[in-house]
Structure formats: structure tokens, C-alpha cells
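Here is a short report on one chain.

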Amino acid sequence: MIHIIIRMRHNRTNDEVHTMPTEIEVPYLDISDPAFSMHSEAVRRAREQHWYAKTNYGYAVLRHQYVSTLLKDPRLSQGSGKWPDHNGVHDGLFHSWWTKCLLVLEGEDHHRIRRMLNPAFSLRHIEAYIPQFEALAEELVAGFLDSGECEYVNDFAEPYATRVLCILTGIPESEWPTIARIAGTIGLALGITIKDELPEIEEALGELYGYAEGLIADRQANPRDDLVTRLVEANRDGDSLSDDELRNALCLLIFGGMDTTRNQLGLGMQTMMHNPEQWELLAAHPELARNAVEEVMRANPTTTWVTREAVVDFDYEDLHAPAGSTVHFFTQVSGNDPEAYPNPEIDITAERAPHYGFGGGMHHCLGHFVARLDMAIAMRVFSKHMTNIRVNGQDEWLPDSGNTGPVRLPLAFDKR
Amino acid sequence: MQISVDRAKCDNHGQCTFSAPTVFRLDDQGILQYEASVDDSLRADVEEAADVCPMQAIFITD
């Protein structure tokens, strides 16, 4: 435990100022302990005790009100731009892509690109894909519905999440296994073994470059009514995206859109299996599907924390983080904060304070309307066809910190 | 044109400030401030801001 003594001005009476020492006990969380869990009693106790904790790797903001305010604070930058360098990767294809990615850009460099990408991902444009998302969900479900069982990740979540990206980008859906493999391999770059796995990562990224460059050249020659054409034609005040910027953005879309959606679909299924009465409510009221997505992302997000780095010395109330410090935002913990959510039980009809499962501020997830809509359709189609869904065999899960979700989730169900 | 922001929905992410920086800005506290009445020449930018708002909190009232 770390104890900070601060002196607070207190009780101004009779022109006399009393200064009372007030002790704030800042909790400590060992987040590199393999047994560390976001769902643990230790984390809940820390949230009750104070709004942030110290960790062995920076600070962790725990309460919803503080996550909401500080996640958007411009004194904190996205911070993962230096990830490859911190892990011994200083040049090469991956380094060059990563350090120019929207995800890690800041200031005007970020705003210019974000501005040109945003409209293609607006609700209006993404809603137009709903019939295709729905047909895809129905096709995948029809593949196992009569058998009464499925392996949720392999039979549904992974092909669904990947084929949605194919639909959006115009990559033939039949090539989804290649896209899934590429996205998974590039994902290895987020692990501490990045340097060892660099040749494999760069080969996959090179393959993805090939897809992206092909799509861009094709839409430049043959524009159509789709997302890639809208990106190619994006033009603001005479400025447009260069071919490299377009390629980098398409690669980020595929890299960032696949495993996050696959994992969140699995977590949504887990949450709904624990709340069968809510599942029946969804089946009876499919119009609640979009709210159901918000509710499972609040309570059980795949992105259990979001990380920022202090650009300058960062002071907020009793937190004094020197420039360069890491500040984590624990989204799963803040999404279950009883101060913001007095009745935290899953309720797909509830109107809630916003969750931060898509991050927040200028780096707010670009593809969130895609994720919101495709997951709502997946839940709607599943609840229409299936009831009494239960785990059927050995399930396997990623650790529950970082980006979590099921690796394997065998299910049995009754056909409705 | 007249603009209104549903403060109950707005979560101050600031995406609108990229689309229409002369209309929307975040103040020192990170709270959205905006011009409620702007020249019609800014309509395309404001429509884009409303379109891309993650919370869908921006409305053009005429």
C-alpha cells in the first residue's frame, strides 16, 4: 500500500483557518501478476477505496466519473506509438506502418486524417450494410442450427467478424480465412514477443498491404457506392488522403476490426447466457438488440482497459503523474461502478450512462458504428433462433485483462 | 442555420470539432462549446459533424 498525506484546508470558522492532515490511502494493484483479474475482489475494493490505484506499471483510473473526464484529457496522449521501439523494433515495415497509424498519431496529423476517415464510418453509411450483415448471420447460423450445437468462436464469431470486414472493404468473402490469419498474425505485434515474431508479422502486413493497395487502385479506376470509394474520394478543403495514408487506414481497419469484434461477440454471449431472462426479453423484443450491445459492452467489454501517456506533468486532484507516466483507464471496472450504475445487473431496457468500451475522446474507436450494428444483428439473429443456450464442453478464455474473450466456446442450445 | 446539442447525450469526445472547427470546440475543461446559430455556408461541415458524432447528439433545427 502506498500512503499519500495531503493537507486539506478545512473548516474556516471565526477567521481561523484549521489545516487538518487528511490521509488518502491509494490502493496498489499488481497488474503484471499472472493471477491479476479485473473481476477480482481486490479491484472492487480498490475502486471503493479511491478513484485511482497505483500499479507496477503506472496509474489505473477506476471510477466511472473519472474515466469519463480524464480519458478525453488532451494532456494524455494515446501512448502506444513507442510500443515497437520499447520492444527493440526500431525500423522495418511494421514500425513504419505503426508509427503512421491513426491510432498513434496526435495533434493536427491525427485530426486531418481522422476528419477524412470519419464520414465513411458514419451511422448513415454503415446502416446501409444491415441487410448484408443480417444475411451473413442467418447463413452462418443455418450451418449449425439443426445440430443443436456449435463452437461459437469458430462457427460464428470469427467468420462473422471477418466477413463483415470483407463486406465493408469489398474483399471477396471467400477469402475470409486468409484475412483472419493475417489479422491474427499482425496482432502478435501487441505481445511482448513482437521482436521474435517480427518476420512473420511483417510478412502478414505485406500481404495486407497487397490487399489494400489493390482495393485502392481498383476504386480509383472504378468508383462505386462503397466504403473504400468514399475513402478514396474523401476530400476536405482541397486536401485528400495519399495512397499511403489510404493503405495505412485500410490495414488499421482490418487489424483493429477483426479480433475485437470476435472477442466482444463471445463476451456478449457469455453475459447473455448468465441472464437467460434477458435473452428471452431480447427474443420477444428484437428492437432492444442495439441497447443489449451497449449493456454487454458496459458490463463485459473486450477492451478491459485503455492506456494513455502523460504528455506533460499531469495533476488532477491528488494524482500527480510526471510527464511520461502511464495512466490506464479500467473500462470494465468503471462500467460496473455502483456510483454510476446503482443497479449494475444486466438490463437491456435500461438507459445508462455511457460506457468506454470504445475508448473515448479524439481516439474514440473509428469503427464503432460497424461494431454496434453488426453485434446487434448477431444477437438478434441468435435470439430469434435459439434458446436455453449453455456451455457444452471445455471452453477456453484469454486472460481477463488486456483484450479478452473466448478462444473456444462450445455451446448447446434448443432451436426455437 | 440553427444547431442544438442534446447535452444529455453529448459525451464531449470532440469528433465534431474536426468536422466544423469554427462551430464546435472543447473548452479548457474539455466541455463542448458551440455556436447555436451559424451562416448557411457552414451547412456541409455541420451536417458532417452531426453525422460523425459517436453519440448522435447534434441536431440541425433548420
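## Strand pairing

Two strands pair if DSSP finds at least two bridges between them. Strands (E, at least two residues) and helices (H or I, at least four) are DSSP runs, numbered from the N terminus. By that rule, strand 14 of chain A and strand 17 (residues 410–415) of chain A run antiparallel, joined by four bridges. A:R390 stands opposite A:A412 in strand 17 of chain A.

These strands belong to an open sheet of three strands, ordered 7-17-14 (chain A), with antiparallel pairing. Its edge strands are strand 7 (149–151) and strand 14 (386–391) of chain A, each pairing on one side only. From one strand to the next, the twist averages 25°.

Strand 10 (residues 305–310) of chain A pairs with strand 6 (residues 76–77) of chain A in the antiparallel sense, over two bridges. There, A:S77 has A:E309 as its bridge partner. Strand 10 of chain A also runs antiparallel to strand 13 (residues 326–330) of chain A, with five bridges between them. In that pairing, A:F329 is the bridge partner of A:V306.

## Model and overall form

This is a predicted model: local features need pLDDT of at least 70, side-chain atom pairs count only at pLDDT 80 or more, and totals for chains, interfaces and linings use all residues. Residues are numbered from 1 along each chain as its sequence is written, while chains are lettered from A and ligands numbered from 1 in the order in which they are written.

Chain A has 16 helices and 17 strands. Its radius of gyration is 23 Å, close to the 22 Å that the globule rule gives for 416 residues, so chain A is as compact as a globular protein of that length. The radius is taken over C-alpha atoms, and the rule is 2.2 Å times the number of residues to the power 0.38. The C-alpha trace of chain A spans about 75 × 50 × 40 Å along its principal axes.

## A helix contact

Helix 8 (residues 152–169) and helix 12 (residues 243–273) of chain A pack at about 145°, their axes 9 Å apart. Axes are lines fitted to C-alpha atoms, for helices over the stretch in contact; angles run from 0 to 180 degrees between N-to-C directions. The contact (C-beta atoms, placed from the backbone, within 7 Å) includes A:Y152, A:A157 and A:L165 of helix 8 of chain A. Helix 12 of chain A contributes, among others, A:L250, A:G257 and A:M269.

Key
Contact = placed C-beta atoms within 7 Å.
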